[in-house]
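Hello,

Here is the structure I promised to hand over. My notes follow below it.

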Amino acid sequence: MPAMNHQAEASRLEIATPARVLRKLWGAAATVLSILYTIVLAPFAALTASLNDGHPVSHIGRLWARMILWTCGVRVEITGLDHLRSAGPWIFVSNHQSFFDIFAAIAWLPCEVRFIAKKELMRIPLVGYAMRRANHIVIDRQAGGQSIRRALEVSRMGYSIYVFAEGHRFSDNRVHEFSDGAAWLAIHTKLPCLPVAVSGTSRFMPRGARLVAPGGRMRIAIGEPIATGDLKSADRAGLTRQLEAAVRNTFVTEL
């Protein structure tokens, strides 16, 4: 009996090893192709960014994101789309696990979104130019008033604003404490907030990874809208905790 168990285990290893090799090859090819998609489409985004308040870039971005998701074999499940039936624009407030959070939001949310972006992204050739001209909002902590005015301008163009409230990516499959920047932005712009829980993306490309781990499913859960029209600056902490709790309540650790 021990000999039979040893043979069965060896057989499983023989089967699993080629599968792991093929998966790594898929991940490497998907990573290279995703970079190529970016290189090819970024110039078109940069060229069209100044047209019609940057709206043509949304179509290019949607194509880009869907191509990456398809190439990487990532299936996206979205719940709560019924909360988007009333008039926007919105401020989406989300946790952040990997770049695939961004790809999925661009590809499958039924509205045009613009992200709160760090200044460092603006240094990337073509990508930074296209992002700035396409009305993504660059955060400068020393010029908060400018960020508010820019967010108001962007929302008047018909864009919703997407904020990753944890500040940066966390790949430990947990929701971390939210900063109050999203609440501050929502209160000053008077735009309603939509809490968004993104689950399952840390496995595809955790922070620090160089290659995609392809194949699998992710989930975007959109919560009920939270009105901000009657809120004041003093309500910022309370709104932040409300948004964080809503995301935690719909976040799942296993898919």
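**Aromatic residues in the core**

F204 is buried, with a relative accessible area of 0%. Keep in mind that this is a predicted model. F204 sits in the loop between β6 (193-199) and β7 (216-222). Which residue does F204 pair with? The partner is F100. The two rings are tilted, at 55 degrees between the planes and 5.5 Å centre to centre. F100 belongs to helix α3, and 104 residues separate it from F204, so the pair links distant parts of the chain. F100 is buried too, at a relative accessible area of 1%.

A further pair is W64 with F103. Their ring centres are 5.3 Å apart. The planes meet at 90 degrees, so this one is edge-to-face. W64 comes from helix α2 (residues 55-71) and F103 from helix α3 (residues 99-108). The pair therefore ties together parts that are 39 residues apart in sequence. Both W64 and F103 are buried.

Ring pairs join W64, F100, F103 and F204 into a cluster. The count for the structure is seven aromatic pairs.

**Overall layout**

The protein chain has 255 residues, and 45% of them count as buried. Its secondary structure comprises seven helices and seven strands. The order along the sequence is α-α-β-β-α-β-α-β-α-β-α-β-β-α. Take the contacts with a separation of 6 or more: 77% of them are between residues 24 or more positions apart. The accessible surface is about 13,500 Å². Carbon and sulfur atoms hold 60% of that surface.

**Salt bridges**

Side chains of opposite charge can pair when their charged atoms come close. How many salt bridges does the structure hold? There are seven.

E77 and R217 form one of them, at 2.7 Å from N to O. E77 is in strand β1 (residues 74-79), and R217 is in strand β7. That puts the partners 140 residues apart in sequence, so the bridge ties together two separate parts of the chain. E77 is partly exposed at 28% relative accessibility. R217 is partly exposed as well, also at 28%. A network of salt bridges links E77, R217 and R219.

D180 and R236 form another bridge, with their closest N and O atoms 3.1 Å apart. D180 lies in the loop between β5 (160-164) and α6. R236 lies in helix α7 (residues 236-250). The partners are 56 residues apart in sequence, so this pair also ties parts of the chain together. D180 is partly exposed, with a relative accessible area of 34%. R236 is partly exposed, at 28%.

The bridge between E244 and R241 is 3.0 Å, N to O. Here the two residues share helix α7 and are three residues apart, which means about one helical turn between them. An α-helix has 3.6 residues a turn, so residues three or four places apart point the same way. Are the two partners buried or exposed? E244 is buried, with a relative accessible area of 10%. R241 is partly exposed, at 38%.

**Helix α6**

Helix α6 covers residues 181-189. Its buried residues are A182, A183, L185, A186, I187 and T189. K190 follows α6 and has a positive phi, near 65 degrees.

**Cysteines**

A disulfide is a covalent bond between the sulfur atoms of two cysteines. The structure holds zero disulfides. C72 counts as buried, at 0% relative accessibility. C193 counts as buried, also at 0%.

Which residues make the nonpolar surface patch? They are V32, L33, I35, L36 and I39. The patch is about 430 Å². I39 lies in helix α1 (residues 2-48). At 53% relative accessibility, I39 counts as exposed, because the cut-off for exposed is over 50%.

Best wishes

Definitions and conventions
Residues are numbered from 1 along each chain as its sequence is written. This is a predicted model: local features need pLDDT of at least 70, side-chain atom pairs count only at pLDDT 80 or more; totals for chains, interfaces and linings use all residues. Side-chain values use heavy atoms; hydrogens and water are left out. Patches are made of residues with over 30% relative accessible area and no salt bridge: like charges are joined within 9 Å, nonpolar side chains (Val, Leu, Ile, Met, Phe, Trp, Tyr) within 5 Å. Accessible areas come from the Shrake-Rupley method with a 1.4 Å probe; for residues, only the protein chains shown count as cover. A salt bridge is a side-chain nitrogen of Lys or Arg within 4 Å of a carboxyl oxygen of Asp or Glu. Helices (H or I, at least four residues) and strands (E, at least two) are DSSP runs, numbered from the N terminus. Buried means under 20% relative accessible area, exposed over 50%, partly exposed in between (1.4 Å probe, protein chains only). Contact means heavy atoms within 4.5 Å. A disulfide is a pair of cysteine sulfur atoms within 2.5 Å. Rings of Phe, Tyr and Trp (its six-membered ring) pair if their centres lie within 6.5 Å; planes under 30 degrees apart count as stacked, over 60 as edge-to-face and the rest as tilted.
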